[in-house]
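Below is a short report on helix packing and on the surroundings of a ligand. Look at the model first, then read on.

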Amino acid sequence: ALGLTGWTAYSIYELRHPEEQFEPDPTKKTLVILGTGWGSVSLLKKLDTENYNVIVVSPRNYFLFTPLLPSCTTGLIEHRSIMEPIRNVLRQKKATVKFYEAEATKIDYEKRVVLISDDSEIKGDISHTEVPFDMLVIGVGAENATFGIPGVREHSCFLKEVTDAQNIRKRIMDCVETAMFKDQSEDEVKRLLHMVVVGGGPTGVEFAGELQDFFNDDLKKWIPEIKDNFHVTLVEALPNVLPMFSKQLIDYTESTFKEEEITIRTKTMVKKVTDKFIEAEVTNPDGSKSLETIPYGLLVWATGNAVRPVVRDLMSQLAAQKDSRRGLAVNEYLVVNGTENIWAVGDCAITNYAPTAQVAGQEGAFLARLFNTMAKTDTIEKELQALSHEQSLAKTDEDRNRVFDEIRERQKQLRRTKQMGPFQYSHQGSLAYIGKERAVADISWLSGNIASGGTLTYLFWRSAYLSMCFSSRNRVLVAVDWIKARLFGRDVSR
Ligand code: NAD
C-alpha cells in the first residue's frame with residue numbers, strides 16, 4: 001500500500017512539474033484555440049498536442065461546468081466546485097501548451113493574427129499584443145441577448161458566468177435583508193421580494209426552480225417573516241415555456257410550477273426595464289395587447305444568446321458570411337465559410353443544432369480527431385515524398401520493388417486517414433431540473449420522454465450531472481456541497 005501511495009505521489013509530482021519547456025517548433029504549424037468553454041476544452045482533451053504548437057487564449061483560466069451554474073445562485077453548490085483550472089487540463093497534455101489569460105479583441109484574417117488584450121486588474125508592461133496563427137479555432141461562445149431593450153444591461157442580472165451567479169446570490173439576500181429593514185412599507189416589501197425571471201428557456205426555468213427550492217428549503221425557515229411575500233415569476237414572450245421540449249414535458253413543467261407557486265406569465269414580452277419595474281406587452285386571450293408594469297426586487301435576464309463583437313467583426317471581413325446573422329456560418333467540417341484555416345465550435349458557430357453544451361462538446365471532440373488525422377496525413381505525405389526520392393535513387397530491381405511496396409502501403413494508409421467523414425451530432429437527450437426534486441428529460445436512446453418527479457428522477461438528474469462533471473475532483477466537491485446543504489441548509493449569508 002505504501003508503494004502505491006509513493007507511486008501516486010510521484011506521478012502527481014511528475015505531472016505538476018513538466019520537464020519540457022515550451023519552445024515553438026518551427027517545423028510544426030501553430031494552432032491557436034480561443035476560449036475555454038465546452039467546445040475548446042473538449043478539443044484540448046482529445047488533441048494530440050505533439051503535432052502542433054498549441055496556444056490557448058481565454059479571459060477565463062478555467063472551464064466552467066455550466067449545467068450546475070443555476071445551483072450556484074442559491075449557494076446549493078459553491079462556484080469553485082464546478083470550475084476546473086485550465087492549467088490543470090493543460091499540464092496533462094504530452095507536449096506543452098501555452099495559455100494566455102486574455103480576451104481576443106480582433107481576428108485579422110488577412111494577416112493571420114489574433115489581437116489579444118489582458119483585462120486583468122494587475123497590468124504588466126504589455127497588456128495588448130498579437131498572436132500569429134496557421135490554424136485557428138474559435139470557441140468564444142456567445143454573449144447575453146438583450147435585443148437592445150432599454151435598461152436590461154443596467155438593471156438585470158445575467159446567468160452565464162461565475163460572477164453572474166455570485167451577483168444573483170448576493171442580490172437575493174440583499175433583497176431579503178432590505179425587505180426586512182425597519183418600517184419598510186408593505187408595497188416595498190412586496191416589490192423587493194418579487195423575483196422576476198425573463199425567458200422561459202431551460203436557463204430561466206432551471207433558475208426559477210432552484211430559487212423556489214431555496215425559498216422552500218431554507219429561506220422561509222430562517223426568515224419566516226418573508227413567507228407571504230416572497231414570490232417567483234417567470235416571464236416568457238411565447239405561448240409556453242421550454243419550447244424545445246415536447247408538449248407532455250411542457251405541461252408537466254407548468255403544472256409543477258403551479259404546485260410550487262411559481263407564476264408563469266406567457267405571451268408577455270418585456271419591452272423596457274427600469275431599476276424597480278419592468279414594462280411588458282401582454283397578449284390577452286382575445287388577441288388584444290396591453291402594457292403592464294411589473295415591480296421587482298431581483299431581475300434575472302435569460303433570453304438566450306447574441307453574437308460576440310469579436311465574431312461579428314470577423315464576419316464583416318468575410319464576404320461568405322454576409323448573409324449570416326446569428327454567428328459564424330461553417331461547413332460540415334466546421335470550417336468557417338470564406339476561410340480555409342479557421343474553424344468554429346460551440347455557440348459562436350451556426351450549425352443545424354441548438355447551441356447547447358452537448359453540441360459544443362461533440363464539435364470539439366470532432367475537431368481533435370480531424371486535427372490528429374490531418375497531422376497523420378501530413379506525416380504520411382512527407383514519408384511518401386522521401387520514398388519517391390529514394391525510389392529514383394534505387395539501383396537494383398530489388399531495391400526499387402521494396403520502395404514501391406512501401407509507397408503502396410503508405411498510399412493505402414493515406415486513403416484511410418483521408419476518409420474521415422463530416423461532423424455529425426449524436427443527440428443523447430435533454431435534461432432540465434425544474435425544482436421540487438423533479439426534472440424533465442427527453443432521452444433519445446430510450447426514444448421517449450421521461451416526465452416524472454420523486455426520488456428516482458431526482459437521483460437520475462443528480463447522477464447524470466455528477467457523471468458529466470469535468471473531473472473526479474469536481475465530482476467530489478459537488479457531492480459534498482449537496483450533502484452539506486442537506487445536513488445544514490444553504491448558507492444565507494451575503
Ligand atoms: P433560450 O433561447 O432557450 O430561451 C430564451 C427565451 O426567452 C425564449 O423562449 C424567448 O421567447 C424568450 N424571450 C426573448 N425575449 C424576451 C422578452 N423580451 N420578453 C420575454 N421573453 C423573451 O435561452 P436559454 O434558456 O438561455 O438557452 C440557451 C441555449 O442553451 C438553448 O439552446 C438551450 O437549449 C441551451 N440550454 C440547455 C439547458 C439544458 O438542456 N438543461 C440549460 C440551459 C441552456
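Helix α8 packs against helix α9 (residues 247-260) at an angle of about 25°, and their axes are 11 Å apart. Axes here are lines fitted to C-alpha atoms, for helices over the stretch in contact, and angles run from 0 to 180 degrees between N-to-C directions. Helices are DSSP runs of H or I with at least four residues, strands are runs of E with at least two, and both are numbered from the N terminus. α8 and α9 are therefore roughly parallel to each other. Angles under 35 degrees count as roughly parallel, over 145 as roughly antiparallel, 65 to 115 as roughly perpendicular and the rest as oblique.

This is a predicted model, in which local features need pLDDT of at least 70, side-chain atom pairs count only at pLDDT 80 or more, and totals for chains, interfaces and linings use all residues. Residues are numbered from 1 along each chain as its sequence is written, and side-chain values use heavy atoms, with hydrogens and water left out.

**Other helix pairs**

α8 also meets helix α6 (residues 162-179): the axes come within 13 Å and cross at roughly 45°. α6 and α8 are therefore oblique. Helix α11 (residues 357-393) packs with helix α12 (residues 397-417) at about 160°, with axes 10 Å apart. That pair, α11 and α12, is therefore roughly antiparallel.

**Ligand site**

The ligand has 24 residues around it; Thr203, Glu236, Ala237, Val270 and Leu431 come nearest. A residue counts as near if one of its heavy atoms lies within 4 Å. The shell holds 14 nonpolar, eight polar and two charged residues. α8 (202-222) returns here: α8 and β14 (268-273) each supply at least two residues of the shell.

A polar contact is a pair of N or O atoms within 3.5 Å.

| Residue | Ligand atom | Distance to backbone atom |
|---|---|---|
| Leu431 | nitrogen | 2.7 Å |
| Ala237 | nitrogen | 3.1 Å |
| Gly304 | oxygen | 3.5 Å |

On its own, the ligand has 850 Å² of accessible area, and the protein covers 79% of that. Accessible areas come from the Shrake-Rupley method with a 1.4 Å probe.

Notes
Polar contact = N/O pair within 3.5 Å; in protein donor to acceptor, adjacent residues only side chain to side chain. Nonpolar A, V, L, I, M, F, W, Y, C, P; charged D, E, K, R; others polar.
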